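The structure is shown first.

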Amino acid sequence: MAGQFSEAIQELKLTANIVDVISEYVSLRRRGRNYVGLCPFHAERTPSFTVSEERQAFHCFGCGAGGDVFTFLMKFHNLSFMEAARELARKYGFNLPEAPGDDQSRRERILALNERAAAYYHRFLKELPPEAPASSYLRKRGIKPETIERFRLGYAPDGWDNLVRVIQAAGVDLALAKEAGLVSQKGERWYDRFRGRIIFPIRDLSGRVVGFGGRILGQGEPKYLNTPETPVYHKGRLLYGLFEARLALREEGAGLVVEGYLDLLSLSQAGITNVVATLGTALTREHVRLLKGYTKNWYLIFDADPAGLKAIFRAAPLFLNENLFPRVVLLPEGEDPDSFIRQRGQEGLLELLDQARPIFSFLIDQTLKTYGGRGPEAKVAVVEELRPLLASLIDPIKQDICIEELAERLSVRKDHIYRALESSGRSSASSSRQEGFDPFGEALLAFLVNHPQYFPEFADLSPEEFLRDEYRHLFEAIKQAYSSEGQFPEALFFEDEKLSALWARLRLSLEEEDRPDPEVMAQELRRSLDRLRKKQALQRLLEEIRLAQKEGHQELALQLLKQYQGLCLQQAG
Ligand SMILES: [Zn+2]
């Protein structure tokens, strides 16, 4: 990265406010001069995720994640540095010049193409006559015109190459459309992926169309077809409707998870807008972390069929491991949220939510039902079934509460369940690598990342004087930023995730209160450095003396000893 691009990045970093960016994804509240929230990168109950506006850094005291605004976006959305920079540039209306070797991000071009396709499908639907099958289907499902607008629903017409021709007419490379998952190729022939389907555009957290879900009209397989994995579409990290629901989720402090597009649309039309839907896939850990960023109170509304139950069983450990305790709503047999809300309305649903079971109680109910009866075999089977789940609970108190509930329901003693848990042998082998202990290096770097203007006073340090690799790298980065003209050390940024985390940790490590005057701190550090160097020089001398004696060079040993004594005197004086 050089020149113009690098400067633009620096400027972007000085403009972007890390608190604004992070609070889009994590509920932050003020604590002293900083903001805190629940860490999106590890499971926790009390907030140790800290964001400093003043220092434009975040750091989690729980898992050690940390960095600047770029690092956050990279980690949170799994982006490359370049992608994170472009995302940020877009948010702040920056025009990022092309980076050397960056082919104007294929990602951006795919997004632009998706936008074009969404507009095409949407217009096509709206221009259909009311008697067209697509129009009458949506009408029958009770989908209102406002909903079609709000969610930009569309229709992919029947036929093999409608979109192909639109793309060709626009002069866009079909290979790009293939990469976007919009078209396929067989031999010489190109054809549309979505044909004769109602189209549900899927947006990312910034509202951009990253993919599509398509429901077939009438009979045909598969009933639902989604965009395949593309550079911008990762179904394990996307939830339908999250973009539209984000404000309502914050306002309500609670949210609903449903399984289908139409379920979500029906609820939304009934005035329940704090809803997201899975994209025809099982919930993933990334999904749950995404959800957690909005609220801790979730309701899972699933069909009462075997598939729905299986989905809840699979989702349970994901939620519990993130210390979320969602409630489960089972709809009356044969109903889905769509049909239910159309019959019973918002009130009916709220009633149902009131009766929602905490997920663990729900799972006990279901397991008991599966194994039937109260005999000893059934009890053993139930414990066996729920054991992995119990073992995965991080918080011992909540684990105990769950075990207590299970013991009570089964009329067995708690310690029996504990014993069953122990026999599953959870081992928590923590492998901590030995690294150099370097308190001075830590203190100096913490000072320099907060007061880079003092760098010249320490410019004589060589990286080798630090005892840890990461300290060496950080020092070199600061040195480089300082010595290359036109760069602001305040705007240091790192493409390297580890380095960025270190930077953030150090940046937040100086306590606000009783932080002495930087001038005084610089002097103290300088004195420490001098002391340290002398000590090291003495140590080296001692080693040389020992070596000289061992090898029989008495004269040399004596000479070195004199030198040593001189140094000792100097230090004392
Ligand atoms: Zn964390």
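Helices (H or I, at least four residues) and strands (E, at least two) are DSSP runs numbered from the N terminus. His42 and Cys60 are both buried, where buried means under 20% relative accessible area, exposed over 50%, and partly exposed in between (1.4 Å probe, protein chains only).

## Basis of the model

This is a predicted model, in which local features need pLDDT of at least 70 and side-chain atom pairs count only at pLDDT 80 or more, whereas totals for chains, interfaces and linings use all residues. Residues are numbered from 1 along each chain as its sequence is written, and side-chain values use heavy atoms, with hydrogens and water left out.

## Salt bridges

A salt bridge is a side-chain nitrogen of Lys or Arg within 4 Å of a carboxyl oxygen of Asp or Glu. By this rule the count is 30. One of them joins the side chains of Glu244 and Arg203 (2.8 Å, N to O). Glu244 is in helix H10 (residues 242-252) and Arg203 in strand S9 (residues 197-203), so the pair ties together parts that are 41 residues apart in sequence. Both Glu244 and Arg203 are buried.

Arg533 and Asp460 also meet in a salt bridge (2.9 Å, N to O). This pair links distant parts of the chain, 73 residues apart: Arg533 lies in helix H22 (residues 518-550), and Asp460 in the loop between helix H19 (439-450) and helix H20 (469-483). Arg533 is partly exposed at 24% relative accessibility, as is Asp460 with a relative accessible area of 42%. Within helix H17 (residues 396-410), Arg409 and Glu405 are four residues apart, about one turn of the helix; the closest N and O atoms of their salt bridge are 4.0 Å apart. Elsewhere, a network of salt bridges links Glu87, Arg90, Glu108, Asp204 and Arg208.

## Helix packing

Two packed helices are described by the angle between their axes and the distance between the axes. Axes are lines fitted to C-alpha atoms, for helices over the stretch in contact, and angles run from 0 to 180 degrees between N-to-C directions. The axes of H19 and H22 come within 11 Å and cross at roughly 150°. That makes H19 roughly antiparallel to H22, the class for angles over 145 degrees, with those under 35 counted as roughly parallel.

Helix H15 (residues 359-371) packs against H17 at an angle of about 30°, their axes being 10 Å apart. H15 and H17 are therefore roughly parallel to each other.

Methods:
Parallel < 35°, antiparallel > 145°, perpendicular 65-115°, else oblique.
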